[in-house]
Structure formats: structure tokens, C-alpha cells
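This report describes one structure for a reader who has not seen it before. It begins with the contact between two chains and then turns to two single residues.

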Amino acid sequence: MNKTKEALARRIVSDDKVTFGFWIYLMTDCLIFASLFAVYVVQRSATAGGPSSNELFDLPFVLVETLLLLTSSFICGLMVLAAQAHRKNLVIIGLIATGLLGAGFLAMELTEFSHLISEGYGWQRSGFLTAFFTLVATHGLHISVGMLWLFVMIYRVSRVGITPATLRKLTLFSLFWHFLDVIWIFIFTIVYMIGVL
Amino acid sequence: MLGKLSLDALPHDPIMMGGAATVVGALIFGALIVTFLKRWKWLWSEYFTSLDPKKIGVMYLIVALLMLLRGFADTLMLRAQQVLSTGDSQGILSADHFQQVFSAHGTIMIFFVAMGLIFGLINLLVPLMIGARDVAFPLLNSVSFWLYIAGVALINGSLIIGEFSAAGWLAYPPLSTLEFSPGVGVDYWIWALQISGIGSLLSGINFLVTIFKMRAPGMTLMKMPIFVWSVACSMVLVAFAFPILTATLSMLSLDRLIGTHFFTSDMGGNPMMYINLIWAWGHPEVYILILPAFGLFSEIVATFSRKRLFGYTSMVWALALITVLSFTVWLHHFFTMGAGANVNAFFGIMTAVIAIPTGIKVFNWLFTMYHGRIKFATPMKWFLGFVVTFTLGGVTGVLMSVPAIDFQVHNTLFLVAHFHNMIIGGVVFGIFAGITYWFPKIFGFKLNERLGTYAFWCWLIGFLLAFVPLYALGLMGAARRLDHYDPSMGWQGLFVVAGIGVAVLGLGMFFQVLQLVYSIWKRNENRDTTGDPWNGRTLEWSVPSPVPVYNFTHIPTVTSRDDFWETKQHPQADTRVPFEAIELPKNSGFGFAIGVLSALAGFAIIWHIFWLAGVATVAIILFVIIRTTGEHDSEIVLSAVEVEQIDAAARRKMTAGVKK
């Protein structure tokens with residue numbers, strides 16, 4: 001009895017470490033994005049005779065993209081609530097829904113990219129497009145990593161159910177997913193909304 | 001299939017072949033020794049796969065000290081070139097090779113010597129000082145170490161296959177862009193730094209969590225040893241600065257790989273943006289190195305003055321202030337960029353301001369010695385040498401914080417002398433003091449004091465001889481990185497003096513190697529029989545030397561600053577608490593595998609072997625997924641009986657070898 005209590009106490013302390021460490025990791029990742037944002041702001045007007053942001057961006061299209069990601073984040077939040085209630089099937093459904101919306105977001109992003117590239121406005125065209133592609137694609141890369149993580153979590157939840165370890169991993173995943181959401185809000189504002197002004 | 005790789009990548013020039021032969025020879029020699037001693041299995045199970053931060057720390061120290069020899073070999077070539085290459089003589093190196101050598105020298109000394117030594121000492125000391133058995137994430141710690149080794153492998157690999165960057169230690173564009181550096185040198189630079197930099201970032205996160213979550217009960221923040229504070233501040237800087245490096249190196253790499261225009265000189269690229277970004281990392285980096293050195297000295301001066309550290313609280317605030325201010329001074333590296341008088345004035349003032357907390361620390365150390373009963377052991381000698389050289393370097397730094405003066409000495413040898421003054425007189429002296437001071441704790445015996453003293457004097461005199469002439473040369477207008485100069489400048493005499501200084505530094509290193517060998521040979525005469533050879537103050541001296549795998553049989557309860565010292569002043573009845581079972585992380589080859597795969601991926605990208613880079617990256621991802629999802633039995637448990645046996649054996653061993 002005493003032994004299990006002790007083990008549990010230790011587990012909680014170690015959970016605390018992992019969560020704290022993950023928060024610090026997120027902040028460092030945030031700084032990578034901060035660097036890319038700074039570069040984008042500096043490079044925004046460096047169009048080298050090519051198109052500028054207000055000639056390229058299709059705001060309604062990006063708005064739909066944004067809503068997909070926001071909805072996926074919302075469902076991800078519900079998924080964690082389901083996990084806390086130990087409702088395994090709901091968690092799996094939530095994860096799948098989050099993943100589908102994330103995939104939709106990625107598909108739209110890639111459509112936008114291929115559209116720009118096919119018109120000859122790839123990243124080689126100008127300093128502005130370099131900064132744009134790198135910032136948005138870095139976010140997209142993170143989303144892809146999140147999707148991979150998500151698949152692994154679906155596999156794990158279906159196999160071992162909601163153990164304390166799984167619950168913690170789901171919580172960390174949702175932190176990551178919400179973080180990417182916040183970054184996207186900044187991309188939407190600084191790149192797209194200010195871009196079409 | 002093999003990208004840009006072909007037989008032409010092997011060295012042809014005799015000096016370059018010599019470098020390659022040395023690296024290959026050293027590797028073969030090392031492998032032969034291990035094979036001859038039949039130690040491969042031991043090396044694998046006791047070190048390579050160990051998650052014990054003490055062993056990881058020792059590995060960091062060994063590799064970093066070997067890299068110090070490599071970086072010093074570069075120094076010898078640079079100094080020889082500048083002594084000889086004037087007038088008709090072209091010296092011993094071609095201009096291109098000279099550029100590669102100074103680029104490699106700077107990169108190796110900062111990333112693979114200073115960082116390696118600092119992380120080695122942090123691994124060795126932080127868990128012990130906070131009364132913990134381990135770091136927060138032992139496996140991640142091993143990954144960090146092997147990523148560092150991957151960087152070391154790449155930068156030394158560039159000696160054998162291909163070439164190294166000739167663009168200086170920070171690879172400024174547009175010189176480092178594909179247009180002006182089409183070879184693989186800059187790619188070697190990028191990927192060696194990128195991979196080891198990610199390792200440093202992970203270490204930063206790891207030690208922040210360790211310090212904030214794993215202190216012994218009772219150890220509030222203001223009761224932490226000052227070294228732990230300095231590491232906490234340094235790791236905050238790592239967490240804030242290294243992401244910028246990661247992003248910047250990625251951008252430079254994209255410019256070279258897929259034709260983006262971040263830093264190119266055409267199509268809207270902006271080279272000055274790189275210089276801003278790299279120094280937004282680079283200036284905090286200097287403090288990442290020096291803050292732990294400050295911490296080491298603070299512990300040493302208190303111990304050898306038999307007094308508690310003067311002004312502990314102001315020391316902590318000074319550290320915190322330096323941490324914040326270090327992000328507000330980066331522009332002083334390029335006042336000449338033309339940002340305008342007001343911008344330069346702001347950064348000049350901030351640079352001068354950062355000298356204030358540093359000055360507070362110097363005075364606190366001096367006041368710690370005041371009225372102390374000072375023991376002039378070798379660590380204390382390094383400390384006193386540091387006070388002199390570091391203050392000199394600080395003063396020249398404040399001089400250069402004035403933009404008008406900086407315009408005069410920008411990119412001259414004056415600057416080179418200044419930062420060597422801070423790095424050698426500050427960081428390196430601190431590390432040597434630290435290694436000497438904690439050596440008995442790590443290995444169970446002291447280093448020879450006499451040879452250590454010789455080494456110290458050689459370093460101090462050699463340092464002054466090598467760098468004071470550079471200050472003068474800088475004021476006389478000698479630019480840095482010159483492979484040739486005109487005799488009419490009248491510089492050769494001072495370059496000769498600097499060359500002599502480097503020879504004296506070399507003598508100092510010779511004494512250090514001798515000291516190590518001699519001390520190992522005579523180890524039974526210098527055994528640490530008590531676990532507390534210097535009459536120390538902090539928790540690590542309360543356990544046997546060398547420290548058992550679990551650090552503490554019982555996690556101590558801390559009631560005051562310098563808790564061990566206080567306990568010694570008020571000895572209490574030995575209340576025997578029963579031993580208890582201890583959980584420790586199991587060995588794992590995971591970190592080693594990630595390191596090897598990362599080095600492979602880096603090598604493949606450098607040579608444009610993209611399929612291999614893809615395979616290695618997918619393998620890394622698979623390893624991570626398998627490791628993090630599987631329900632591994634990742635811990636072993638030492639039973640109470642085993643702990644008791646190990647403890648008794650450790651205490652027996654301390655006194656066993658001593659001749660009566």
C-alpha cells in the first residue's frame with residue numbers, strides 16, 4: 001500500500017518534470033518562429049521586382065484554412081476532456097477528427113504553395129517570397145510532425161487505453177497542437193491580413 | 001548516388017594531408033589501445049551507453065580537452081604563419097588554407113572546447129550540488145552528448161574528406177553564400193554547429209528542469225550554491241539564444257541548398273540580417289560560457305578563503321542582470337554597419353552598463369578574500385590569475401563599447417586580443433580551476449600541486465606574452481585574419497613576441513598533460529580519504545570520492561546556504577537512517593544511435609547525398625517513436641542491501657590504497 005502510494009507520488013513529480021520541460025521546449029520553438037517572423041518583417045518589402053504580398057494572397061482562402069486549424073484545436077481540447085473522463089472511443093474519434101482537419105489544413109497550404117510556384121512565384125523569386133515560404137512551411141512542417149504524433153497516439157490509445165502515461169502524452173500533444181494554433185494566428189495576422197492591406 | 005562526393009575530396013596538399021593523417025592516426029591509435037586492453041565492452045557498457053551524468057560529464061571533458069589540443073594545433077599554424085609571412089616570404093600556409101585554419105580554430109574553441117568543458121562540469125556538479133541523484137531527463141542528456149560528438153565528428157571529418165569553411169568562425173554572408181563559397185566547407189561548418197547546437201539546446205532544457213524541479217528538500221532558490229545559480233542563468237540564455245542559432249543556420253543552409261534569398265547579395269537578400277541574427281545568439285553565447293565560470297570561481301574563492309561568499313544576494317542579482325542585459329548589446333559587434341548614431345549610442349551604453357554587474361562580482365570575490373584565511377592551492381592561483389586577466393579584458397571591452405573608439409579598432413587584432421582575454425583569462429582559467437578543484441571528487445585523488453603551479457604560471461605568462469602584443473598591433477592598425485603583411489608596417493617583432501607567448505602556453509599544456517599522467521601514476525599518495533579534501537562547503541563534498549552511482553544514499557535535507565559547511569560546524573549525533581532502495585535509469589544505446597544517425601544525415605546533406613540523408617532522418621524518427629511509445633522497463637532498482645554494500649565499498653576504497 002505504502003509502496004504504491006510512494007510510486008504514485010514519484011510518478012506525479014516526474015510528470016511535473018516532463019510537463020515543465022515540454023513548456024520550456026515550446027518556448028524555445030516559439031523563439032525559432034520569432035526569428036522567422038523578424039526575418040519576414042524585414043524582408044516583406046524586398047520583392048526584387050517581383051510581386052508584393054497584396055498581389056498574391058487570397059484572404060478568403062486562407063480564412064477557411066485558418067478555421068480548419070482552429071476547429072481542429074477546439075476538437076483537440078475536447079479530446080483531452082474525453083481522455084480525462086477515460087472515454088477511450090471518444091478520444092480516438094477526437095484524435096481522428098483533429099487529424100482530418102489538420103490534413104485539410106495541410107492540403108490547403110500545399111495547394112496555395114503549388115499555385116504560387118506554378119505562377120513562377122517560388123521561394124527563389126525574391127527575399128520576400130523566401131521569408132514567406134520559410135515561415136509558413138516551418139509551421140506546416142510542425143503540423144506534419146503533429147500529425148505523425150497523432151497517428152502514434154491513435155495507435156497507442158487503441159492498444160493500451162487511457163493509462164496515466166497515455167493521458168500525459170495526450171495532454172502534451174494538445175499543448176503542442178494549441179501552440180501551433182497560436183503561431184498560426186500570428187501568421188494569419190502578420191503575413192496575410194497585414195499583407196493584403 | 002554519392003552526390004558531390006568523389007576521390008578528389010581527399011586532401012592533396014602536404015600540410016592538409018598531415019592534418020588528415022593525424023586525425024586518422026589518433027583514431028586508429030585509440031582503437032588499438034582499447035582493443036589491446038580488451039576494453040571495448042567495458043567502454044560500451046560503462047560509458048557510451050551510460051545515463052549517469054557523472055560519466056557523461058567525464059566523456060565531455062575528455063573529448064573537449066582533445067579538441068583543445070586540436071584547436072591549439074591550429075593556433076600554432078596561425079602564429080607561425082604570421083611570424084614568417086612578411087615581405088617576400090609567404091609563410092607556411094596558402095591564403096585559402098590559412099582562412100580554413102582560423103575558421104576551424106574559432107569554431108572548435110567555442111563550440112567544441114568551451115561548450116564541451118562547461119557542459120562536462122555542469123553534468124558532473126549540478127545534480128550533486130542540489131542533492132539530486134540524476135538529471136531530469138537522463139536519456140535526453142545522453143542524446144545531447146552524442147549530438148555534440150556528432151558535431152565533433154563532422155568538424156574533424158572535414159580534415160579528411162573535403163575542406164572546412166574559409167569564412168571565419170561565424171561565416172558571414174555574402175562570403176558564406178553559394179556564390180562565393182561553392183565548396184563543402186561552409187556546409188561542414190553549418191551542420192557541425194547545427195547538430196551540436198540542438199544538443200546544447202536540449203541540455204539547456206534538461207538542466208533548467210533539473211535545477212527548478214529536483215533540488216533537495218529545504219534548498220530554496222536563495223540557498224542554492226552560487227554555481228547552480230550561474231548554471232541556471234546560463235541555461236536560461238541557452239534556451240533563449242540557441243533557437244535563434246538553429247533558425248539562422250537553417251536559413252543559411254536553405255540559401256545554399258534550395259536557392260532561397262535570405263542572405264544573398266541579390267534578389268532581395270539581406271546579409272546584414274544574418275549578422276544581426278547570429279550576434280543575437282552570439283553575444284548571449286559569450287555569457288553562456290562565462291557565467292558558469294563565474295560560478296566555479298565563486299565556489300573556489302569561498303572554500304580557499306575559509307569564508308562564506310561575500311554578497312551572495314548581490315551575486316545572484318548580478319547574474320540575473322547579466323542574463324537580461326546580454327540580449328541588449330549584440331549590435332556592438334558591428335557598430336560600423338551604419339545603424340546610425342542613436343542606435344550605436346544605445347548599444348554602446350548598454351555595453352558599458354553590463355560591466356557594472358560584472359564589476360560587482362569582481363568586488364564580491366575580492367571581499368570574500370578580505371580577512372579570509374587564504375590557502376594558495378592551485379585552483380586559487382587560477383582564480384587570482386583570472387582576476388587580473390579578466391579585469392584587463394573587461395577594461396578593454398568597456399573601451400570598445402564607445403562606438404567612436406570601436407570604429408578605430410573594429411576587426412583589428414585589438415578585438416582579437418580582447419575576446420581571447422575574456423575566453424582564456426575568464427572561461428578557460430575558470431574551467432582549469434574547476435577541474436583541479438573537483439578532480440578528487442570525480443576520480444578519488446588530487447592532481448599534483450607542483451606541476452599544476454608550473455602549468456598555471458606558464459598559462460598566465462604565456463597568455464600575457466601572446467595577447468598583449470596583439471593589443472598593440474591592433475592599435476597600430478593590424479587587421480585580424482591577415483595571412484601576409486608588408487615589412488614596412490613594423491609588426492613582425494610583436495608577432496614574434498606573440499609567437500613566443502604561444503610557445504609558453506604550449507609548455508603550460510605540456511605541464512598539464514604531465515600533471516595528469518604523474519598524478520594518475522602516484523594516485524595512492526594523493527588519495528582523497530575523506531570525500532572532503534579541501535574542507536568544502538557544498539553538498540557534493542558530503543559523499544565519498546569517487547561518487548557512487550546513486551550520488552546520495554539518502555537525499556539530504558538542506559537548512560542553510562553552504563549546508564555541508566554548516567553541518568561540519570555543528571556536528572550532530574550520527575543518527576543512522578536505514579538504507580532504502582534506489583531507482584536508477586538503465587543504460588541505453590539510444591543516444592549513441594541518434595548521434596551516429598545525425599552525423600550520417602549531416603554528412604549526407606553536406607555532400608548532397610539526399611537519399612542517405614532521407615534514410616538517416618527516417619531512422620531517427622522511427623527510433624524516437626519506438627523509444628517514446630513502447631512501455632520500456634527503463635529503470636533498475638538497487639535494493640537497500642545493495643546500496644549499503646556499495647556505500648561501504650566506496651568508503652573502504654577511499655582509504656584502501658593509501659600507504660601507511
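## Interface and two residues

In the contact, 30 residues come from chain A and 34 residues from chain B. The model is a predicted one. The size of an interface is often given as the accessible area lost when the parts come together. Between chain A and chain B the buried area is about 2,700 Å², and carbon and sulfur atoms give 72% of that area.

How many salt bridges does the rule find across the interface of chain A and chain B? The rule finds one. In this salt bridge the side chain of Lys213(B) meets that of Asp16(A), at 3.2 Å from N to O. Eight residue pairs in polar contact are also found across the interface of chain A and chain B, with both residues at pLDDT 80 or more.

On the side of chain A that touches chain B, helix H1 (2-43) and helix H5 (127-160) of chain A each supply at least two residues. H1(A) gives the most to this side, with 16 residues. By residue type, the side of chain A that touches chain B divides into 15 nonpolar, nine polar and six charged residues.

Two residues of chain B are taken up next. Phe119(B) lies in helix H4 (residues 95-129) of chain B. Ala478(B), in contrast, is placed in the loop between helix H14 (449-475) and helix H15 (492-521) of chain B.

Is Phe119(B) buried or exposed? Phe119(B) counts as buried because its relative accessibility is 3%, and the cut-off for buried is under 20%. Ala478(B) has a relative accessible area of 0%, so Ala478(B) is buried as well.

The contacts of Phe119(B), not counting residues up to four places away in sequence, are Tyr60(B), Ser200(B), Ser203(B) and Met235(B). One of these, Tyr60(B), is 59 residues from Phe119(B) along the chain. With neighbours within four places in sequence left aside, Ala478(B) is in contact with Thr412(B), Leu413(B), Leu473(B) and Trp491(B).

The table gives a C-alpha separation for each of the two residues.

| Residue pair | Apart along the chain | C-alpha separation |
|---|---|---|
| Phe119(B) and Tyr60(B) | 59 residues | 7.0 Å |
| Ala478(B) and Leu178(B) | 300 residues | 29 Å |

Definitions and conventions. Residues numbered from 1 in each chain as written. Chains lettered and ligands numbered in written order. Predicted model: local features only at pLDDT ≥ 70, side-chain atom pairs only at ≥ 80, totals over all residues. Heavy atoms only, no water. Helix = DSSP H or I, 4+ residues; strand = E, 2+ residues; numbered from the N terminus. Buried < 20%, exposed > 50% of the residue type's maximum accessible area, 1.4 Å probe, protein only. Contact = heavy atoms within 4.5 Å. Buried area = accessible area lost by both parts, 1.4 Å probe. Salt bridge = Lys/Arg side-chain N within 4 Å of Asp/Glu carboxyl O. Polar contact = N/O pair within 3.5 Å; in protein donor to acceptor, adjacent residues only side chain to side chain. Nonpolar A, V, L, I, M, F, W, Y, C, P; charged D, E, K, R; others polar.
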